[in-house]
Amino acid sequence: MAAPSLLNWRRVSSFTGPVPRARHGHRAVAIRELMIIFGGGNEGIADELHVYNTVTNQWFLPAVRGDIPPGCAAHGFVCDGTRILVFGGMVEYGRYSNELYELQASRWLWKKVKPHPPSSGSPPCPRLGHSFSLYGNKCYLFGGLANESEDSNNNVPRYLNDFYELELQHGSGVVGWSIPVTKGIVPSPRESHTAVIYCKRDSGSPKMYVFGGMCGARLDDLWQLDLETMSWSKPETKGTVPLPRSLHTASVIGNKMYVFGGWVPHKGENIETSPHDCEWRCTSSFSYLNLDTAEWTTLVSDSQEDKKNSRPRPRAGHCAVAIGTRLYFWSGRDGYKKALNSQVCCKDLWYLDTEKPPAPSQVQLIKATTNSFHVKWDEVPTVEGYLLQLNTDLPYQAASSDSSASPNMQGVRMDPHRQGSNSIIPNSISEIVNSVKSEHTAMKGTSVKNKPDLKASTDSNASSHSSLAANASNHNSCVVDMLRKNEGPHTSADIGVLSSCLDLRTVIPETSVSSTVSSAQTMVTQQTIKTESSSTNGAVVKDETSLTTFSTKAEVDETCALPATKISRVEAHAAMVPFSKETPSNPVAMVKAGERQWCDVGIFKNNTALVSQFYLLPKGKQSISKIGNADVPDYSLLKKQDLVPGTGYRFRVAAINGCGIGPFSKISEFKTCIPGFPGAPSAVRISKNVEGIHLSWEPPTSPSGNILEYSAYLAIRTAQIQDNPSQLVFMRIYCGLKTSCIVTAGQLANAHIDYTSRPAIVFRISAKNEKGYGPATQVRWLQAQSLNFREGS
């Protein structure tokens, strides 16, 4: 964790959409990148459900339906997958609730649920200020404040320390309440406390930690409940315990419980002699408890007054949400003058990174040219930028245009440019082919990042996309454009080295995320895409990376048009030009190359970069300057170096957040192209027909001469595939001048189902000119079920 003086708070000021009115007593949970806020009050109790997208900086009001609950404050609010449970709270002054509501966030559908009462004892009474915590399929309710008077105007408060367990049904609904029998001394009655649940990775049972609260006076005690043995205890802690407080927040990230804000005793008051009469104030203090070592660490003390507005001002009754390793804080009240309505509510949104970001994925290639690379990498959540570096002093020579097989091609099973159909190994998978469902992708109204709907961007039921027909008229042809391949040579023994794919189910334009990061990058249009990588060596494709599928954004200079007819989900790959056959296999040479100095390409706001130059650092110097807490150079003072054709480059990337630069990714190796060879075919489309499937494409955007022929290949199953699923063997299924072919049911029956990411049948298509074959376009025809944000997932 950053030292107290290095805390790098960020105030969000560039959001769009309907911002909620300021309030306190509200609650918030996170679903993926969304912060969902409900309830609270200032001038009246709020009953709207507000959602903030932390990626797009957009607020929106989802169109909820069903049994919409009344507005409430100081209620219980927990998230289980994509459903949210709301229990109790104040629904009007002096009148509290003990009703339970469930929100299916995948459909924004509210439902009032009625748990069975405990087998012995009464269900929880109406209350506010209780804690409501989720672990597994159970919610744990502790404490709160009840009104002893039946007259809401005659409030007779009663502090509670009762404890209930609520069992949930899978996906939707609840079973009922129970009253567990606990051991040990029960914590004293309280309200406006916090409770979190934490389980050590290596050992131990889940434990609930209750901290602070109010029972006529504020509390600073910490209690622990072992949820397996149901034993209460007071752990001994080290470090400085935060001041007594209530209406604070506690959030768990990793093994730390972060405590922020709340009501604390006023400076100079002796709370031991007069706890009921002393003055109280809001605080902006910030501490964490290491839940493994039970040690408190103060990051911002109560005595530190902020004069520069560089962190949130003091507040209580706010909300806090952890998304990844980042904490978000919103609203709350910051003043109190002994009158209930004499408070001032904040309307600001802040976040704080609690640790450096993890390493991104390896850099992936979108397109290579003779003097540039268009690259991307896996998006890391909640970061402010990326540092991209390359290593240029490599022992690689220019690629040879000789069509003979390279010396390291031993063991290649077949040449995909030369083999005929007699290479098919009979083994029927027709039952898989027959089960493939045609699916549509709606271009509008389905992205989590753009619409108030948590559904993913595809649905297995094509008829459910009413927007498809409306949008189809905007497209004159059934084309889904893909990222083009690099232009460059490869021989019949080389199909390509590194592939990167575009998941056409999620190509949805969106606006850039606003964030202040110094950048040497030209701003690019963003698209939501999926990426994977693989490596080919002749006809054998050997996986060199984890092949993990992930969402990211990248510049796409082709048009992405949705087909108007039925088309199965497709992923399109763009393979780079192979390394030359002279590429050394000596591992010592590679180690020495890795030890050479890394040069910065620059700081990039998004997870994509067009690389044509890099910066030359003075000899022996490393990157030293500041962006936030990150050390980077002043690029305006450095010389630039252009990329060279036919040269190999090694890339790595690291993410940057408020805590600094995280670890670098694994190293990727790419090579610039040599002019004269055709680019890869583009705009691949797949549609089903009575004979099998119809596979078609468009000519390369850079043919570099006349196209003499195209070749299409299908990955087939062999015994080698069964022994090593990461290897693919391709069989040529078409060779000719036409830009389309029929893949018969018989050919599909022998296709290999690639399970490295999502089940798919793999095709490759390449073009040939006078110099030879260029890089291939790889297409994955997805066989998986719909990835909708399902109810209860």
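In this predicted model, Trp 9 is buried, with a relative accessible area of 7%. Phe 329 also counts as buried, at 1% relative accessibility. A search of the whole structure finds 30 aromatic pairs, and one of them is formed by the rings of Trp 9 and Phe 329, whose centres lie 5.5 Å apart with their planes at 50 degrees, so this pair is described as tilted.

**Aromatic rings**

- Trp 9 belongs to strand E1 (residues 9-12) and Phe 329 to strand E28 (residues 326-330), so their pair ties together parts that are 320 residues apart in sequence.
- Ring pairs also link Trp 9 and Phe 329 with Tyr 258, Phe 260, Phe 286 and Tyr 288 into a cluster.
- In the pair of Phe 373 and Tyr 649, the ring centres are 5.9 Å apart and the planes stand at 75 degrees, so the pair is edge-to-face.
- Because Phe 373 lies in strand E31 (residues 373-376) and Tyr 649 in strand E44 (residues 648-657), this pair ties together parts that are 276 residues apart in sequence, and both residues are buried.

**Charges over rings**

- The charged end of Arg 652 sits over the ring of Phe 664, at 3.9 Å from its centre.
- The ring of Phe 730 has the charged end of Arg 764 over it, 5.5 Å from the ring centre.

**Nonpolar cores**

- The largest nonpolar core has 25 residues, and those with the most contacts inside it are Leu 695, Trp 697, Val 743, Ile 761 and Phe 763.
- Among the elements that give two or more residues to this core are strand E48 (692-698), strand E51 (740-744) and strand E53 (760-769).
- Leaving aside residues up to four places away in sequence, Leu 695 touches several residues, including Val 684, Ile 686, Ala 712, Val 743, Phe 763 and Ile 765.
- A second, separate core of 24 residues includes Phe 373, Val 380, Val 611 and Val 653.

**Strand E11 and its partners**

- Strand E11 (residues 95-104) is mostly covered, since 7 of its 10 residues are buried.
- Strand E10 (residues 83-92) runs antiparallel to E11 and is joined to it by 8 bridges, with Gln 104 in E11 as the bridge partner of Arg 83.
- E10 and E11 form a hairpin with 2 residues between them, and Gly 94 in the turn has a positive phi of about 80 degrees.
- E11 also pairs with strand E12 (residues 109-113) in the antiparallel sense over 5 bridges, and Leu 100 stands opposite Val 113 in E12.
- The hairpin of E11 and E12 has 4 residues between the strands, and Trp 108 in its turn has a positive phi of about 50 degrees.

Conventions. Residues are numbered from 1 along each chain as its sequence is written. This is a predicted model: local features need pLDDT of at least 70, side-chain atom pairs count only at pLDDT 80 or more; totals for chains, interfaces and linings use all residues. Side-chain values use heavy atoms; hydrogens and water are left out. Rings of Phe, Tyr and Trp (its six-membered ring) pair if their centres lie within 6.5 Å; planes under 30 degrees apart count as stacked, over 60 as edge-to-face and the rest as tilted. Buried means under 20% relative accessible area, exposed over 50%, partly exposed in between (1.4 Å probe, protein chains only). A charge sits over a ring if NZ of Lys or CZ of Arg is within 6 Å of the ring centre and within 35 degrees of the ring normal. A nonpolar core is a set of buried Ala, Val, Leu, Ile, Met, Phe, Trp, Tyr and Cys residues joined through side-chain atoms within 4.5 Å. Contact means heavy atoms within 4.5 Å. Two strands pair if DSSP finds at least two bridges between them.
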